[in-house]
Structures are given as C-alpha cells and as structure tokens.
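Here is a walk through a structure, one step at a time. Have the sequence and the 3D view open as you read.

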Amino acid sequence: MTAPDASAPVPPRGNSRARRAWLVVRAMLREPAGWFGLSLVAAHLLLAIFAPLLVPYNATAMDAGAILGEPSMAHPLGTDHLGRDILTRTMLGGREALIVTGIGTPAALVWGGLLGIFTGLVGGRFDEVLMRIVDAFLSLPWILKLLVLVVTFGTTNAVLIPTLAFFFGIPVIRVARAATHEVVARDFIQAARARGHGRASIMMRELLPNVTGPLMVEGAMRWSWMLLAFSSLSFLGFGATPPTPDWGLMISDGRLYMTVALWGVLGPMVALASLIIGINLVADALAIVMRVDHSRRDEI
Amino acid sequence: MTRMILRRLLLGAVTVWLVSVIIFAGVEILPGDACTAFLEREAKGQLLANCRADLGLERPAALRYLDWAWGALQGDLGVSADGQESIASLVGSRLRNSALLAACALAVGVPMAIVQGVVAGLRCDGPLDYGISSLAIVSMTIPEFVSATVLILVFSVWLGWVPGIVVAPADYPVSAFFPGIILPVAVLTLLMVAHILRMVRASVIEVMASDYVQMALLRGVPYRRIVWKHALPNALLPAINVVALTVAWLLGGVVVVEVVFNYPGLGRMTIDAISDRDLPVVQAIALIVASAYVGVNLLADLLSLVLNPRLRTHTARRA
C-alpha cells in the first residue's frame, strides 16, 4: 500500500478554468461510470432543449377518440386517459423538472457553500450556533419542510425554486465546512493571513479553489436529490401543475390505469429513472476523479 | 468518557429545543392559523375572534410557545384544528404503524446490506463487486414511486401473490397489516440496503488496505481469521451511524411509500394534516419525528463510543 498506484487517477491541474474543467471531464470519461453517466445526462439535456422542435403532437391536445390507446404507428407509446400522446409528453416531461432543479441546485450550492466556507474559517461561537441550527433543520423530514411552504404559498416555480434551494442548501453548509476544515490549518492559509489578506479574500482566493472538488460532488448529489424531491412532489400533486407534461405527474395519473394501459407509466418511469441514475453515476465518477470520499455522506 | 456522554446528551437536548423553536416560529410566520384553517370562508369578524379567544390564540407568541413546549414535554400535544380529538391519541397508532414498517424493513434490510457490503468490499473491483455495486446504484436512485409501481405491477397485478395496498385502518391490530405490508417493506428495503451496503463496502476496503491488516497478511495469519477477527469489527463500526440515519429516515420520511400503498403511518398523516392545514397536528408530527431523529443519532453515537475505544479520547472527539 506504500507503493504509488500508477493506475489511480490524479486530480487534474491546469492553467485556465476551462482547461481544468476539460481535464476533469476527460478523466471522468475514462471511468466506466463516468462516460455512461455523462452520456445519459447529456442525452437528457439535449432532449429537453430540442424536444419542442421534435415532438409529433401538441402535449396538451386531447383526443376523445384515442383514450388510453395502445401503442401504434401514430402513437408509438400509446395515449393517456385524456387521449394525449404519451411519447410527446414523455419527451417534454423533464423540462419543468430540469428548469426547477437547474436553477435550484446552483443556488443551493452557492449559498450553502459560501456560508459553509465562512463558518469553517471563522469558527468559534458563530460556528457552534450555526451548526446547531443546521442540525435542527436536518432533523425535520424533508417532505414536511417542503410541503408546508408549498401548500401555503402555492405550487408555482416562484415558490418551488427558492424553497428547494433553501432547504437543499442546508446540508451543503456541512459539506463545505468539513472541506474547509481540511485546508484551513495549512500553511498557505497562514501565509495569506500573514500577508494581511482579509476574510473575503482568503475565502474566495484560497479556500474556494480547494473545496471545489467536494462541492462539485455534493452538487451532483444534491441535483439528483432535488430532482427526486421535485418529482415526488409532482407525484403527490404538489409539484408541476397539470396540464404541464411532467414525469412525476404522468406516473401518478398513469398508475390509476396501469392494469389496462401499462404503457402510460413505462415511458415516464424509464425517463425519470435513467436521468437520476445518470446523475448519480456522474457524481460517483466525479468523486473518483476529484478524490472525494462521499460514500459516508448522509441522507437529506 | 462521562464528560463526552454528557456533552452529547446536552447537544441533543439543545438540538431538540432549537427544532421546537423552528417549528413554532415557522407556523407563526406562515399566514393563517388554526382558526382560519378550521373556519375557512367564515374566518372573519366575531366568529374568528371567538375562535381565537377559545384557543387562546390572542395571547403573545412567547407565552403560547411555552405552553406548547411544556405540554409536549409531558406528552400532551394539544388538540387537532378541526376540534376535539387529542393529537396524542391520533398520532399514537400512526407512530406504531410507522415503527412496525421501519422494524420490518430493518430486520430484512440490515443483514442483507451488511453481507452484500462485506462481500463486495472483500472482492473489491471483481465481477461480484461490480454486480452488487451497480445494482446498488440502480436501487438507490430509482424514485420510490417508480419502484413501488413496478413491484405492484409485477407481484400484485400480474402474479397476484400479495395485495397492492393496505386496507386496514390505522388503529387495527398489527396482524391486520400483513400481508399488505410486504410490498412497502420491499420498496424501503431496496432503498436502504443500497445506502448501507455502499458505506459498509467502502469501510471494508479501507480497513483491508490498512497497515495492521497488511501486516497480519504478511505474518501469515489465515485469511478467514483476519477477516473475522481483525477487519470486520473495525469495518462495521461506522455502519452503526448509517443504520441510525436509516432508522430516522424510516420513521419520518417515507411519505411517498405510505401514500402509494395507502399505509396508515405517520407519513400519510403528515400529508393529510398539511393538506387540511391542520397546523397543531403538523407541529406535533414535526416535533416527534425530529426528536426521534436526534434520539436515534444520539444512541448511535453513544453506542460507537462504547464499542470503539479510539473515540474516547478528547482529541478524537467529533465536533
């Protein structure tokens, strides 16, 4: 175990930010989990962007003559209980979730990450109190926290996105704080202090680059959990609003007819599961490439 | 050692107190109260004032918080918004049902997870490990409502082996929930096994690569003896904390599974209470689940402290 393992990936280094990002992606593509996960996620993103140009039907157009229709040439995945084309709705069904989580995840990462780095740096009484508050928030079931706000203020994106970003940022505080503790005692931080750098400068220029690895892995995990949370809310009737095509909603509707029209749930289930598995594979590959141990992370 | 235990207990108590403040403040800040929820459209004028006077809602928030917290300490969680039922009796049977579901899932899942995690860890990077780890990622990431739907479809609709939903009301005896409980337990087991086994696997790999195990290998200690005597006791210690997190999650967060299978536990009660805007019940459930979360994690920390001598020194203390 003392001999250096030649096959182990080395955390990529480079000059520019773009070059570093490219090196990370290239290292991830060498992992089986990485290329499979990245292709799944990329396929989903491309589909979400271009689906409106590709879909054969109007997603909300009902057809009384084709209620719960079997898969056919005209409707390759059949039609739902209102005669809407399921292929169309499945292709469009990830857009809402991707928009909500695509804004919500970076927001959670930024506020949780910055607060975590800050509290890791200053420590003391502030850190003690903040960590107790974080513990208290984490001990409440996630769905209860989300539902109370969503039921009170409505299920629009203007409510969902800040709510998800707030609650999913709280566990990020812990991760960023722990990652900060790993580096805060090192010499270069002392050197920066001795040079007279302020807190903001140390946070942004010394600490942030050193905690990006754990934060990126955490971001990928948070993204998958936020997607899961949004879809669960939709499934329970508190997320996307009908008639918006959304996988969670489609599964919830299709379940009622699944004994006679199995095709109603198959498309959205495969789509949702493949996207979430893809994101998790990306997170795993990222953890290997960035050398982050995330097997012991806790649940939300 | 005693000081550390006292410190952990104190931290746990502080967390529960903070939770109660957050819950109470949260409900205070949100628009509406128990009276507007109960009276709905008629919530105006004299009727609203009378209702508020009846429930004592016109008193200052701090006083009501003290009242509520003092009652909760003594096991009195107040009455539900729609009137006369005591929350303690409403929650009691639901809590029992959720505990039953959790106990079944743990009894099935934990041994499975540990065996698979140890096997995958010992055969690290072999075909068996790839098989187990890939399956774990799939079963961990597939949303509960998707795996539940698939299981209902296969085992209930097509094969007809087990019922797809639970029909017994909340206060029926435990035996009434079998065999309907089998599928919800299966869904929960799929999720938790993956989480625990991934952690056990990582821990086993780490311990097997450590110097003392390598040393024992070089000394020619038989492999079985190394695994059973030297490696596993250390590798399985961290599993205690993961299992504790799983228990806490099972007690409070399985709303989706309970809704899908119509299982009358705390999760479904949560969603009903929130939909009805029955705030006293929401507060009570939040407090119970959060206390259980803190309590179970505390227990796990104390257990690891007792089982692992290395954690007893002050330098090894976890913040």
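Start at A:F235, which is buried at a relative accessible area of 8%. Buried means under 20% relative accessible area, exposed means over 50%, and partly exposed lies in between (1.4 Å probe, protein chains only). B:F145 also counts as buried, at 0% relative accessibility.

Before going on, note that this is a predicted model: local features need pLDDT of at least 70, side-chain atom pairs count only at pLDDT 80 or more, and totals for chains, interfaces and linings use all residues. Residues are numbered from 1 along each chain as its sequence is written, chains are lettered from A and ligands numbered from 1 in the order in which they are written, and side-chain values use heavy atoms, with hydrogens and water left out.

Now look at aromatic pairs. Rings of Phe, Tyr and Trp (its six-membered ring) pair if their centres lie within 6.5 Å; planes under 30 degrees apart count as stacked, over 60 as edge-to-face and the rest as tilted. Over all chains, the structure holds 12 such pairs. In one of them, A:W111 and A:F166 are stacked, with 5.6 Å from centre to centre and 5 degrees between the planes. This pair links distant parts of the chain: A:W111 sits in helix 4 (residues 95-122) of chain A and A:F166 in helix 7 (residues 157-184) of chain A, 55 residues apart. Helices here are DSSP runs (H or I, at least four residues), as are strands (E, at least two), numbered from the N terminus. A:W111 is partly exposed at 28% relative accessibility. A:F166 is partly exposed too, with a relative accessible area of 36%.

Return to A:F235 and B:F145. Their ring centres are 4.5 Å apart and their planes lie at 15 degrees, so this pair is stacked. A:F235 belongs to helix 9 (residues 199-236) of chain A and B:F145 to helix 7 of chain B, so the pair joins two chains. Within chain A, A:W111, A:F137, A:F166 and A:F167 form one aromatic cluster.

What does chain A look like as a whole? It has 11 helices and zero strands. Its C-alpha trace spans about 75 × 50 × 35 Å along its principal axes. Of its 300 residues, 54% are buried. Contact means heavy atoms within 4.5 Å. Among contacts in chain A between residues at least 6 apart in sequence, 70% join residues at least 24 apart.

Next comes the interface. The size of an interface is often given as the accessible area lost when the parts come together. Here chain B and chain A bury about 4400 Å² between them, 76% of it on carbon and sulfur atoms. Buried area is the accessible area (1.4 Å probe) that two parts lose on being put together, summed over both. B:F145, B:T149 and B:I274 supply 13% of the area that chain B buries against chain A, more than any other three residues.

The rule finds one salt bridge across the interface of chain B and chain A. A salt bridge is a side-chain nitrogen of Lys or Arg within 4 Å of a carboxyl oxygen of Asp or Glu. B:R198 forms a salt bridge with A:D284, their closest N and O atoms being 3.1 Å apart.
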